[in-house]
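Here are some exercises to work through with the viewer open. Try each task before you read its solution.

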Amino acid sequence: MRALILSDIHSNLEAFDAVLDDADALGGYDVIWFLGDLVGYGADPGACIARLRRLPHVAIAGNHDHAVTGKLNPDLFNGAARAAALWTSAQLTGDERKYLAGLPEVRQAGPFTHVHGSLRDPALEYLISEPAALATFALLETPFCLVGHSHYPLVWTENNGRAGVELLAPSRPLQLDDQRRVIVNPGSVGQPRDGDRRASYLLYDRAEGAGAGTLHHRRVEYDIAAAQSRILTAGLPGSLARRLSEGL
Ligand code: ZN
């Protein structure tokens, strides 16, 4: 069984397509597990929604998906994110809006729980501190939790009541073990923020009867200039184009 674990695509069609091409070149996949924030920031919300819906997938909602469907007040966002949410909301067809509004916040599938932010605040909490990680471990009912939202590719592990964190790297596949609970973030497809501008995602690979499977971290170059030019042509804030070059 092979799953693509994608998060925070943020209407960046160039990055999304580059990730799909990369996964196809590696031998393909059975399903996409999408962890929220399909839209917001980028210039191609409709095309990204169509692309995901055409592929075998399960998805949950992120805070930006909520902001464009009226479930979250965009005034809670900073200026550029708010402008993008309002612009995106105006682009959506009724059918696209209905799809985003119908996404759940939490999903359990086998040994995995999927949530955008954290289990104590699914859409909004950033899992980037030890107290936040411990709170989600306390609520977690499966061995493994997959999160997005912070745009950092990382893994939290439990150890004697403490939680430790490590950045993921393509050179270090993560062997999963049912007896060792972890919270894993694949990083962001469409707006990486860890200083590496390449799209980030995970490929989950599990052979029948062979343990809990392995997570492979991937970083993929994509046509950043094209994504930036689409953002500027759409009249979205220039900062949203600039930050793609920096991966911040
Ligand atoms: Zn996001």
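**Exercise 1.** In which sense do strand β7 and β10 pair, and over how many bridges?

*Solution.* Two notes on the ground rules come first. This is a predicted model, in which local features need pLDDT of at least 70 and side-chain atom pairs count only at pLDDT 80 or more, while totals for chains, interfaces and linings use all residues. Residues are numbered from 1 along each chain as its sequence is written, and side-chain values use heavy atoms, with hydrogens and water left out.

Step 1: helices (H or I, at least four residues) and strands (E, at least two) are DSSP runs, numbered from the N terminus, and two strands pair if DSSP finds at least two bridges between them.
Step 2: β7 (residues 153-159) and β10 are antiparallel, with five bridges. Within this pairing, P153 has P186 of β10 as its bridge partner.
Step 3: strand β6 (residues 144-146) also pairs with β10, here in the parallel sense over three bridges. C145 sits opposite I183 of β10.

**Exercise 2.** Work out which way the residues of β10 point and how enclosed the strand is.

*Solution.* Step 1: in a regular strand, side chains alternate between the two faces of the sheet.
Step 2: V182, V184 and P186 point one way from β10, and I183 and N185 point the other way.
Step 3: buried means under 20% relative accessible area, exposed means over 50%, and partly exposed lies in between (1.4 Å probe, protein chains only).
Step 4: five of the five residues of β10 (residues 182-186) are buried, so the strand is largely enclosed by the rest of the structure.

**Exercise 3.** Describe how helix α1 packs against helix α2.

*Solution.* Step 1: axes are lines fitted to C-alpha atoms, for helices over the stretch in contact, and angles run from 0 to 180 degrees between N-to-C directions.
Step 2: the axes of α1 (residues 13-25) and α2 (residues 45-54) come within 9 Å and cross at roughly 25 degrees. That makes α1 roughly parallel to α2 (angles under 35 degrees count as roughly parallel, over 145 as roughly antiparallel, 65 to 115 as roughly perpendicular and the rest as oblique).
Step 3: contact means heavy atoms within 4.5 Å. L13, F16, D17 and L20 of α1 meet A47, C48, R51 and L52 of α2.

**Exercise 4.** Find the strand order of the open six-stranded sheet and its edges.

*Solution.* Step 1: the order is β3-β2-β1-β11-β12-β9, with mixed pairing.
Step 2: β3 (57-59) and β9 (174-175) each have a single partner strand, so one side of each lacks a neighbour in the sheet.
Step 3: β11 (residues 199-205) and β12 (residues 214-220) run antiparallel and are joined by seven bridges. Y204 has L215 as its bridge partner in β12.
Step 4: α1 lies across β1 (2-6), β2 (31-34), β11 and β12, at about 35 degrees to β11.

**Exercise 5.** Look at the backbone of H10 and D37: what is phi in each?

*Solution.* Step 1: most residues other than glycine have a negative phi.
Step 2: H10, which is not a glycine, has a positive phi of about 50 degrees; this residue is in the loop between β1 and α1.
Step 3: D37, also a residue other than glycine, has a positive phi near 65 degrees and is in the loop between β2 and α2.
Step 4: H10 is buried, with a relative accessible area of 1%, and D37 is buried, with a relative accessible area of 1%.
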